[in-house]
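Me: Please take me through the charged side chains of this model, with the cut-offs spelled out as we go.

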Amino acid sequence: MEPPTSSRLNSRKRRKDGSGPNGATELDGIPPKMSRRSLGLREPAPFSDEVEIDYSKPYIRVTYEEAVRGTPLDRPVRVYADGIFDLFHSGHARALMQAKNLFPNTYLIVGVCSDELTHNFKGFTVMNENERYDAVQHCRYVDEVVRNAPWTLTPEFLAEHRIDFVAHDDIPYSSAGSDDVYKHIKEAGMFAPTQRTEGISTSDIITRIVRDYDVYARRNLQRGYTAKELNVSFINEKKYHLQERVDKVKKRVKDVEEKSKEFVQKVEEKSIDLIQKWEEKSREFIGNFLEMFGPEGALKHMLKEGKGRMLQAISPKQSPSSSPTHDRSPSPSFRWPFSTKTPPSSPANRSRNESAVTYDISEDEED
């Protein structure tokens, strides 16, 4: 049975900040890796009224030392753990796991209290007793389930189920007019303490739901539950529908903002890339331009080379000085009849005649 809220406050002070999955703490350690094989059971645990007990053998409890050393396979240590197990969660499963691993050879019997007892001594439950029985049945550590378990354990109940030890956390559980309902079990030396899993409990889960009631009411309205089923008034139903529409609009606006931010970021990245490419191309273009049209560029060399070729083409070729010269006979000068003067000559002929010998042709020679 779970301790009430007043006795649970002291245990919460020991809560670890660095809790791992399923409430695991650093003290639990990291279990070693196993080979891949099936470790689960194929059927749920049976109820106690469905299990045969051989009453022909006498009921003799084993001591704690004998249980720790290990018992024969046909005589496991019978450990009993009880509780409400409402909204069965990982804290319940870890408590049952600890009870199952108290001794090398353990047979775990789990008692689940009925709705009547729970509502009288603890309060209203979310799940009914049949749902809670079924949840415990399907826990892998449980070997047997006792329905309608007693709130306070009596010697007759312990003898009937041949219980050797009772497992529960060691925080005093005050209920039913007693400061600790497990006091007589502890005095008898039958109590085996376990540790609570901090950070998870049925009351914590209910607190989360109550704290965020509007969120979960809107959630179930979206999933098809009616306002009557949720015990929601007409005004609140309309309010939840309006909030849902507002949230959808906010979500769309947020999506648009995120998409616009992504678009702007892409444009900025693209523009930066284009600017970098433009700078590289411009530097290349300027280098090529200067190489072609600069002071010592290729165009200037081409123009010089073309000019030299043009001058060479239009200028007359001079014979080399070493070439042999041919003596040319002077052309005879023509003299006008009855004139002692020679006819006029062209400048070219004049220059040639300056260095040549002039011969006069007489009339007799002409004849």
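Predicted model: local features only at pLDDT ≥ 70, side-chain atom pairs only at ≥ 80, totals over all residues.

Reply: Residues are numbered from 1 along each chain as its sequence is written, and side-chain values use heavy atoms, with hydrogens and water left out.

Me: How many salt bridges does the count come to?
Reply: A salt bridge is taken here as a side-chain nitrogen of Lys or Arg within 4 Å of a carboxyl oxygen of Asp or Glu. By this rule the count comes to 10.

Me: Which residue forms a salt bridge with Lys100?
Reply: Lys100 lies in helix 3 (residues 90-100), and its partner sits 43 residues away in the loop between helix 5 (129-137) and strand 3 (144-147); helices (H or I, at least four residues) and strands (E, at least two) are DSSP runs, numbered from the N terminus. The closest N and O atoms of the pair are 2.5 Å apart. The partner is Asp143.

Me: Is Arg132 buried or exposed?
Reply: Buried means under 20% relative accessible area, exposed over 50%, and partly exposed in between, with a 1.4 Å probe and protein chains only. Arg132 forms a salt bridge with Asp115, the closest N and O atoms being 2.6 Å apart, and because Asp115 lies in helix 4 (residues 115-121) and Arg132 in helix 5, the pair ties together parts that are 17 residues apart in sequence. Asp115 has 16% relative accessibility and so counts as buried. With a relative accessibility of 0%, Arg132 likewise counts as buried.

Me: Which residues are linked with Arg218 in a network of salt bridges?
Reply: Arg218, in helix 9 (residues 213-222), is linked to a residue of helix 10 that lies 26 residues away, Glu244, and the closest N and O atoms of that salt bridge are 3.3 Å apart. At 15% relative accessibility, Arg218 counts as buried, and Glu244 counts as buried at 19%. The network links Arg218 with Glu244 and Asp247.

Me: What does UniProt list for residues 239-266?
Reply: Over residues 239-266 the chain is 100% helix and 0% strand, and the end C-alpha atoms are 40 Å apart. UniProt positions are given in the numbering used here, feature names are shortened, and annotations may be inferred rather than shown by experiment. The unreviewed UniProt entry lists these residues as "coiled-coil region".
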